[in-house]
Structures are given as structure tokens and as C-alpha cells.
Amino acid sequence: MCNLFHKKDIEECLHLDTCNQKLKRSLGSIGLIIMGIGAIVGAGIFIVTGVASVTSGPALILSFIIAGMACGLTALCYAEMASMITVTGGIYTYAHVTMGEIWAWMIGWTGILQYIIAASAVAIGWSSYTSGFFSSIGFALPDIITSSPLTGPGSINLPALLIVALLTGVLVLGAKESAKVNAAIVVVKLAVIALFIIVGAQFINPVNYHPFAPNGLTGVLQGAAMVFFAYVGFDTVASAAEETKNPQKALPIGIIGSLAVCSILYITVTAIMTGMVPYTMFEGSAAPVQIALQSVGINWATAIVTVGAIAGLTTVILVSMFVVPRLLFAMSRDELLPKRLTKVHPKFKSPITSIILVGTISALISAFLPLEGIFELVNISALTAFIFLALSVIILRKQRPDIERKFKCPLVPVIPIISIIACLGLITQLKLLTIEVFGIWLLAGLTFYFTYRRYKKYAANKNSDLIKQGNYAVTDELSAK
């Protein structure tokens, strides 16, 4: 039982230079900010706004502000931890250092769910926008290959499957190459978002802002819990710690910088979109920006914005899928998962086995499951992880005040405690079914953890017995001679 709460040594985390199981440092501050923007901007604007506006109405602006403030507190905590512990793994590694193995395992297990579901959910939205684009140019894709068998006439969501497969191949090429692809696509989507803001602002009708909060404060808070999904992504920057040059300085800049830029974009686009058309028009849509433009007759801009949406969602999928292999790599290096997951490509220095595994699972989910409901699992996973992050900051400040911190979260423990309260508050606004499914996932994780521990113990004992038998055989042979 003592091993369950064994803590990983911080000094061990920071001395991997002689370890073969390490990743290549190739990213800088600008690359990290672009990575964060690539992960954050996309799903929130192009998918979640449509789903959440039905709950919040035009007050979705307030929902984004509340969720953004909660993320801002978390970002300060993240920046402090990332400036100290500059190895891959993110909150999983922080929990392993401050709380012990069993808690680290649960956070790692939670992170696996969070990012695989995020990639899969966004891939489904990507498919919707892509299908809409093809329809706008007179080439409609048949329903049988563009939707889940659980949502209608479809048999498989083929576009979603194909984009996940393509990005899996990009990730195999390594962090630097993945960052280049991400940066190129980020430029495209930011240009398109700027176009939407300029054009859409001309069609705002103040009437559409009434009623501003049709479901009152409850609707605003529920909307905040839903759009929290839109902000998930700034934390992906920490996952690149082991592939970052000068991580003590670059990581805090990447985390806080990307969140600040994206918060401004979200609030601006939401205000314009809900002012263009009545919020009720977005119900059941996975492409709300497209609907807003078509409803006011801006057909020439629809195709352009659709391309931007496709680009935006592509980077979200890419960065989400970037995180999970690094998490699996870290957990495997700590012997909590099979060692084969630490395999690094000899040329590209990427965790190739983990990348292929994550790509396969994400492709299957996006191909056969519906969008509605699954993205809330991302929210509860992220909120739970952020609670443990705040706890890690408090614990490490008390236990190891001697460690140099290139960035210090202000007002500790006040800000971490407020962050914890905010995250718990948002969790209470999620659907009961989401919480129940998340609970089942945690139980499955504990079952796997203890089963794998027993297997390792059995395998170790078996190897020990074989070694003893071999030694006895050699001894008998020598005696006979």
C-alpha cells in the first residue's frame, strides 16, 4: 500500500540527459503560443457556441467570460508548475511529484479520456463543416459516409476518420514538424476569424440580444460549464515541456499568452454571432458560424469562413492528439503502463507507438459515435485535472519552497483555492449523466491500475523463479562434472 502513494523525485524529473527515453527539444515561446492558439481556437468558435447558445442565449458572452476567468486562475497555477518541472506529462507528472503514484495514475487516466474525446469530438465537427463546404460547391457527400450509425442514416463518419488518420501521420514526423503544420494552419484560421468579425459586425441586429439571458443565471452558469471545453487547450502547452528550449521561461509565456489571445477572440466572435441571428437558430447545429452567415445572405463569405473553420478544427485535432502520446509516454516511463509505449522513432524522435495507438482509438470514436454529449466528458476531465493542479501548487509551495521558480503564481494559496472552488462550481453545472459516465471511467481506471500491478508482480516473481531454476541447473551441472 505504501507504494501507492510513492512520490516521484523532482530532481529525477529534471535529470533526463542520460536517459534514452527522452524527446528532442525544438520549440520556443512563439511556437508554444501558436500551439496554444491552435488547440484553443477552433472548437469553441466553430462548434460549441452553437450548442451552448441554446442554454445561455446571447448571455453566452458572460458564459465565456466566467469560463475564461476560471481558466485564467488555472493558467497561473500551470505556469508556476511548468516553470519548475520541465518534463513531459503535465498535471500527471505534477501530481506524481506532490501526491503520489495512485493520484498521478488517476489524473493520467483522466487526461487520456479528456484529449482523446476532444480530438474525436472536434473531428466530428470537422466532418460537418467539410460536408457543408462540399455541398456549397455542388458536390454533396452522401449521408451514409458522413454520419454516425447512432445518429441517423449513416454507417460511418468517413471524413472524421480520414482527418484523424492524416494527422496521426503528421504527428509521427515529430514535434517540430507538427508545430510547423500547426503554425501554417493557425495563420489561415486567424485571418478567416478576422474576416468574420469585420463582415459579421455589419449585420448585428440589437433585437437579437433580447432576451439576453432567457434561462437566467442558471443558464449562464450551465453555458459556462459547457464552453469550458472551448478553453481546453492552453494546458496542452505544458505537455511539450520536454520538447521546449528554455522551458522555464517559454512555458509560462506560452500558457498565459495563448489563453489571453483566445479569450478576446471568443468573446468578440460570440457577441457578433448572437447579434446576427436569433440564438434559437443554432439549436442542434455543429456549424453555427456557417448558419449565421447563410442566414444574413453573405454567401460569398460562407465558403471562406467554412475553410477557416475547417483549418481551425484541424489544428485542435492535431494538438489534442499531440498531448495524449506524451502522456502515455510519461506514464509508461514511470512503469504504470507497458514499456513499449516509450518507444521513440529513431529518426523523428516522436513516441511512435503511443501516437499510432491514440490515432487508432480517436479514429474509431469519431467514425462511429455522435457529437452531442461526448464533449462534456472533456469538460469534467479537464476540471478535475485543474483541481489537482491547484492542489499541487499549494503542496509544493509548502513542501519545497527552496526550488527555484522562474514564474510564481501570485497570492498562493488564495488563487489556487479560488481556482478549485471555480472548477467544482462548474462541475456541478454539468449533466448528471456526464458525471456518472466519468465516475465509471475512473472505476475502470482503478481496475486497470490494480490489475496491471498484479500482473507486473506476477511477471517479476516468474522471472525470479526462472533465474533461480537456471542457477540451480548450472550448479547441478558443475557438480556432476
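Guide: Let's start with the cysteines. A disulfide here is a pair of cysteine sulfur atoms within 2.5 Å. Keep in mind that this is a predicted model.

Visitor: OK, how many disulfides does a search of the whole structure find?
Guide: The search finds zero.

Visitor: How far is the sulfur of C262 from the closest cysteine sulfur?
Guide: The distance is 11 Å, and the closest sulfur is in C71. The cut-off is 2.5 Å, so the sulfur of C262 is too far away for a bond.

Visitor: And C71, which cysteine sulfur is nearest to that one?
Guide: That of C423, 7.6 Å away. C71 is in no disulfide.

Visitor: Is C71 buried or exposed?
Guide: Buried. The relative accessible area of C71 is 0%.

Visitor: And C262, buried or exposed?
Guide: C262 is buried, with a relative accessible area of 0%.

Visitor: New topic: helices. At what angle do α2 and α8 pack?
Guide: About 60°. Helix α2 covers residues 29–40, and helix α8 covers residues 175–200. Their axes are 9 Å apart.

Visitor: What do you call that arrangement of α2 and α8?
Guide: The two helices are oblique to each other. The crossing of α2 past α8 is left-handed.

Visitor: Which residues meet there, in α2 and in α8?
Guide: From α2, they are I34, M35, I37 and G38. From α8, they are N182, A183, V186, K189 and L190.

Visitor: How many of the residues in that contact of α2 with α8 are nonpolar, polar and charged?
Guide: Six are nonpolar, two are polar and one is charged.

Terms used:
Residues are numbered from 1 along each chain as its sequence is written. This is a predicted model: local features need pLDDT of at least 70, side-chain atom pairs count only at pLDDT 80 or more; totals for chains, interfaces and linings use all residues. Side-chain values use heavy atoms; hydrogens and water are left out. Axes are lines fitted to C-alpha atoms, for helices over the stretch in contact, and angles run from 0 to 180 degrees between N-to-C directions. Helices (H or I, at least four residues) and strands (E, at least two) are DSSP runs, numbered from the N terminus. Angles under 35 degrees count as roughly parallel, over 145 as roughly antiparallel, 65 to 115 as roughly perpendicular and the rest as oblique. A crossing is left-handed if the near helix is turned anticlockwise from the far one by less than a right angle, and right-handed if clockwise. Contact means heavy atoms within 4.5 Å. Ala, Val, Leu, Ile, Met, Phe, Trp, Tyr, Cys and Pro count as nonpolar, Asp, Glu, Lys and Arg as charged, and the others, Gly among them, as polar. Buried means under 20% relative accessible area, exposed over 50%, partly exposed in between (1.4 Å probe, protein chains only).
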